[in-house]
Amino acid sequence: MISYTFGNYGFLKQGKMEEPPLTLLDMGIERRFQETYRFENAGRTSYSGYLLQFTLKGCGIYEAQKQYELTPGRGFFSRIPEESRYYLPPSDIPRESAEDGWEFFYLHFDGSAVYPFFETVRALCGPVFFLAVSSPPVALFFRLFKRLSNREPLALYEGSEFLYQFLTQLLRELEAPSAEGSHLVRQAASCFKNHFSELKGIREVADICGVSQSHLTRIFHKETGQTPLQYLNRLRIEYGLFLLLNTKDSIESIAVACGFLNGNYFAKVFRQYLDCSPEEYRRRNR
């Protein structure tokens with residue numbers, strides 16, 4: 001785990017360029033614990049620009065049509081003002097890791113060159129993204145933060161240079177993750193294993209993980225060589241094999257117990273895996 005101190009740093013305009021395409025405004029690492037901490041982004045006209053916030057420890061909440069728990073490894077990327085909010089959950093509401101409060105780093109920046117990055121991240125991941133704490137963009141943030149903690153000033157246009165590196169590394173990790181994928185895939189796989197019989201579909205797991213269905217599908221396939229649906233169906237069919245061999249339940253009952261809508265669909269998927277019907281498999285192996 002990365003060790004860090006808390007602190008915030010603001011930056012003055014650098015150089016003679018009137019409207020730099022990338023401008024670092026302020027950044028920091030904060031801890032919020034047992035306090036009122038809530039920001040409504042729709043009315044924050046005095047804090048305009050872009051805000052990227054990434055959870056290091058504990059848990060916060062981000063809302064943008066849906067509610068997302070920002071546990072370690074999760075972050076949000078907002079264009080302010082926008083219809084969203086983020087806050088520390090009240091202490092009387094149980095949340096994952098809520099006892100730790102909420103520790104996070106943030107970057108506040110602006111510029112005409114930011115929007116294509118913002119739009120691409122939103123298209124890839126939705127309102128909330130995943131990164132490994134050991135990923136390159138996170139490491140880049142901590143290198144700059146350490147320099148600022150040691151009172152080392154930024155060189156001319158270095159804030160813009162940092163932002164370009166950070167945003168390109170962020171996109172690289174989200175499109176072709178080096179470690180983030182493993183974290184996301186482990187979480188999704190655990191959800192599939194523990195709830196395969198009650199899940200309504202892949203989107204439900206994507207929502208739990210806080211990413212879009214397309215992002216989950218892409219990362220899951222890259223890591224495992226199979227789509228989330230293929231993985232889910234395999235778990236269901238394997239459980240179906242157990243029930244066929246160890247119970248006298250009807251095919252319809254087994255189908256529902258495995259998470260399929262009905263016996264016909266169960267039989268169709270079953271045949272794809274074993275080239276026979278559930279009835280034939282049971283008869284042949286009992």
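Which residue in S9 does leucine 52 stand opposite? The residue is leucine 107.

## Basis of the model

This is a predicted model, in which local features need pLDDT of at least 70 and side-chain atom pairs count only at pLDDT 80 or more, while totals for chains, interfaces and linings use all residues. Residues are numbered from 1 along each chain as its sequence is written, and side-chain values use heavy atoms, with hydrogens and water left out.

Buried means under 20% relative accessible area, exposed means over 50%, and partly exposed lies in between (1.4 Å probe, protein chains only). Strands (E, at least two residues) and helices (H or I, at least four) are DSSP runs, numbered from the N terminus.

S4 pairs with S7 in the antiparallel sense over 6 bridges. With strand S9 (residues 102-110), S4 also pairs in the antiparallel sense, over 8 bridges. Two strands count as paired if DSSP finds at least two bridges between them. Leucine 52 has phenylalanine 77 as its bridge partner in S7, and leucine 107 stands opposite leucine 52 in S9.

## Salt bridges

The whole structure holds 13 salt bridges. A salt bridge here is a side-chain nitrogen of Lys or Arg within 4 Å of a carboxyl oxygen of Asp or Glu. One of them joins arginine 38 to glutamate 40, with the closest N and O atoms 2.9 Å apart. Arginine 38 is partly exposed, at a relative accessible area of 43%, and glutamate 40 is partly exposed at 36%.

Arginine 85 and glutamate 63 form another salt bridge (3.3 Å, N to O). Arginine 85 is in strand S8 (residues 85-87) and glutamate 63 in strand S5 (residues 60-64), so this pair ties together parts that are 22 residues apart in sequence. Both arginine 85 and glutamate 63 are buried. Glutamate 82 and arginine 122 also meet through their side chains in a salt bridge (3.4 Å, N to O). Glutamate 82 sits in the loop between strand S7 (74-80) and S8, and arginine 122 in helix H1 (residues 114-125), so the pair links parts 40 residues apart in sequence. Glutamate 82 is buried, with a relative accessible area of 15%, whereas arginine 122 is partly exposed at 24%. Through shared partners, salt bridges join Arg38, Glu40, Glu63, Glu83 and Arg85 into one network.

## Glutamate 30

Glutamate 30 lies in strand S2 (residues 23-32) and is buried, with a relative accessible area of 14%. Its side chain makes a polar contact with the side chain of arginine 32 (3.0 Å). A polar contact is a pair of N or O atoms within 3.5 Å; within protein, one must be able to donate a hydrogen and the other to accept it, and residues adjacent in sequence count only if both atoms are side-chain atoms.

Leaving aside residues up to four places away in sequence, glutamate 30 touches Phe6, Asn8, Tyr37, Trp102, Glu103, Phe104 and Tyr106. Contact means heavy atoms within 4.5 Å.

## Cysteines

A search of the whole structure finds 0 disulfides, a disulfide being a pair of cysteine sulfur atoms within 2.5 Å. For cysteine 209, the nearest cysteine sulfur is that of cysteine 191, 6.3 Å away. For cysteine 258, the nearest is that of cysteine 276, 14 Å away. Cysteine 209 is buried, with a relative accessible area of 0%, and cysteine 258 is buried with a value of 0%.
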